Amino acid sequence: MAFKRSCARIQFLLLKLARSAFLSIIDENFEPKLGRTKASRAKGSKRYLGIVVAAARKAGGRAAIRSSRFDGSRIGRGSGSGRLLRRDGHSTTRSRRVVVKTRLVRLSGKGRGAALAHLRYIQRDGVTREGEPGRLYSSNDDVADGKAFLENCNEDRHQFRFIVAPEDGDQFTELRPFVRRLMTQMEEDLATRLDWVAVDHFNTGHPHTHVILRGKDDRGRNLVIARDYIAHGLRERACQIATLDLGPRTDLEIESRLRHDLGEERLTSTDRQLIRDADRLRIVAAGAPDPFNSALRAGRLQKLERLGLAQDLGSGRWRLADGLEATLRGMGERGDIVRTLQRALTARGIDRPPADRVIHQPGEISGLVGRVVHRGLADELHDRHYLIVDGVDGRTHYLDIGKGEAVEPLPEGAIVRVAPRPSGPRQVDRTIAEIASANDGSYSIEAHLRFEPQASEAFAGTHVRRLEAIRQTMRSVDRAPDGSWVIEPDHLERVEEFEARQRRDRPVSIETLSPVPLAQLACADAATWLDRELVAETRQPLRDAGFGREVRTAQAARGQWLVAQGLADVIHGTVRCRAGFIDTLRRRELVRVAGPLSSQLGLDFVESQPGNRIDGTLRGPIEMVSGRHALIERSRDFTLVPWRSVLDRHVGKTVSGILRGDRTNWTLGPSRSGPSIS
């Protein structure tokens, strides 16, 4: 005991002596010289850092320094959690799996209108288990106010959209508690409170949740989430919570899932394993270390052989087809489309044989007239929509119509014409290039009028709007300070890129022929699509089956109604319409609709005649049987003229135009010299 006390005493004295020496060095203003030692400066000597790294490697450490290019993946909140979960993730073969898809959406320009449309669409009818509209909720409210949420987003630069789909989502009574726990965990990982709303969907085979997250943190700054967390961290957190809620997957569940995938005509986990195990010649062995996986692989390979996607080489060796993964993904998507078609037709009591159901690839449609059966989301993350049309050719068509924000709302039952979007440069682009080539690479309205003296200023303005659309989308043309446009020699190639991008967003053009269903057209006291078809030089061919047969019946009934109204005659058993009957019907509807509007506005209605100039304030659209019309209010009266989509952004503003038949050449803004819309 005395020896231990002596050792402690000596240790204390040594520490005291070292402290005194250190303080004396400080008192003498000691200035260390930074740099390499003399020994390190000797030829062939190693740097001190290199010695440390070499020692760490020899000791088995992970201190090796690697040169890597900065990619920004660690910028933002949650970078630490994202890296940790990516490296040490808890997802194992027994963990519950969750698919999390993320999209960042900019809110500038059309983004705010698209955000409103997206919020409305995810709350559409038929997404709950009971077939009711979706219920919006938040972290604290079971019924959230979507309008208030969007108002809070007015100053946001962006927002995040998530789709969270647990693989075993059908085992949850409701997804709301799961999503709230996930978002609470996300708040902890990102070290900020989050403002979000969500809607649960049970209208597909895989229950899922749409989450919309504001792009602001709790201090009002832009919310930036690290790429590692977006790509890995959020999914790992969702898997952890699902595993805690439902328990780890049992051997029976895993084997049942794998057996179920044997006969699927889509990409499965067994297919992915086969692709990973294949050599460069795409040859893979059917055997596996355990009997169950061997039987599983052999059964799946036999299914692929029946699909023409694998070849038996004998001795347990198989050759996989080239592009197997892409082919199986396509088959899975087609299977989903077939089921979507079947559900839509069954829900509406439409009976069409499988041979009369056509699935169009983007851009494959050659021209189609029919009624809208259903419009839905083909890709809910990227807001790509599909349209099901019951055509006058007696067949039902499924087609991709692109981004939802690029297509106006289409009520079910409306009659539409779908055509492929024009590809390649237009005549307006060639004219711009030609004028710029003759004007030292510059285009302006003045240069256009000098080049084509017979052209009007309004016609030249259409070329300016074309350049403005390309500039806003592609930034491939520039406007000079004097208002002219700088046109590069490769302008037409740049236009080709612009059109390709436009076709990706909107592969088809859709014209609404009748906003009301066919059943209401036979006796409608208005100019209808049936009337225009009766006098058309080239009528739409009608098949005596499906919707084509219904249109034939409606045309016959319409003819009898026109005869009863004195607008048509029966000559030798054929209905012949009288001249000007369409104008008569159009005027009837205008007067009938204008009556209540006149009482509501306290203004007289004045019918606009072709060639008349229209000036006034655009109050908004008026839905009519003959189509949508614009209400133009003036100081003492108002008028109704055919609506055009270009007016959407000018409600409440002063407009001016000239009525030319069914179209109006608009000048938008208070000045008549402003840009016109032909």
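These legends go with several close-up views of the predicted model.

View 1. Of its 678 residues, 41% count as buried, where buried means under 20% relative accessible area, exposed means over 50%, and partly exposed lies in between (1.4 Å probe, protein chains only). Among contacts with a separation of 6 or more, 64% join residues 24 or more positions apart; a contact here means heavy atoms within 4.5 Å. The accessible surface comes to about 38500 Å², and carbon and sulfur atoms hold 50% of that surface. Accessible areas come from the Shrake-Rupley method with a 1.4 Å probe, and for residues only the protein chains shown count as cover.

**View 2. Asp383 sits in a loop between two strands.** Look for Asp383 between strand 9 (368–379) and strand 10 (384–391). The residue is buried, at a relative accessible area of 8%. Beyond its neighbours within four places in sequence, Asp383 touches Arg103, His118, Leu377, Gly402, Lys403, Gly404 and Glu405. Lys403 is 20 residues away along the chain, and its C-alpha atom is 5.5 Å from that of Asp383.

**View 3. Ala191 has a positive phi.** Although Ala191 is not a glycine, its phi is about 60°. You will find Ala191 in the loop that links helix 7 (176–190) to strand 3 (196–201). Ala191 counts as exposed because its relative accessible area is 57%.

**View 4. His572 also carries a positive phi.** Here phi is near 55°, again in a residue other than glycine. His572 belongs to the loop between strand 17 (568–571) and strand 18 (574–577). With 80% relative accessibility, His572 is exposed.

View 5. As a reminder, a disulfide is a covalent bond between the sulfur atoms of two cysteines. Cys239 is buried, with a relative accessible area of 6%, whereas Cys577 is partly exposed at 25%.

**Notes for all views.** Residues are numbered from 1 along each chain as its sequence is written, and side-chain values use heavy atoms, leaving out hydrogens and water. As this is a predicted model, local features need pLDDT of at least 70 and side-chain atom pairs count only at pLDDT 80 or more, while totals for chains, interfaces and linings use all residues.

Key: Helix = DSSP H or I, 4+ residues; strand = E, 2+ residues; numbered from the N terminus.
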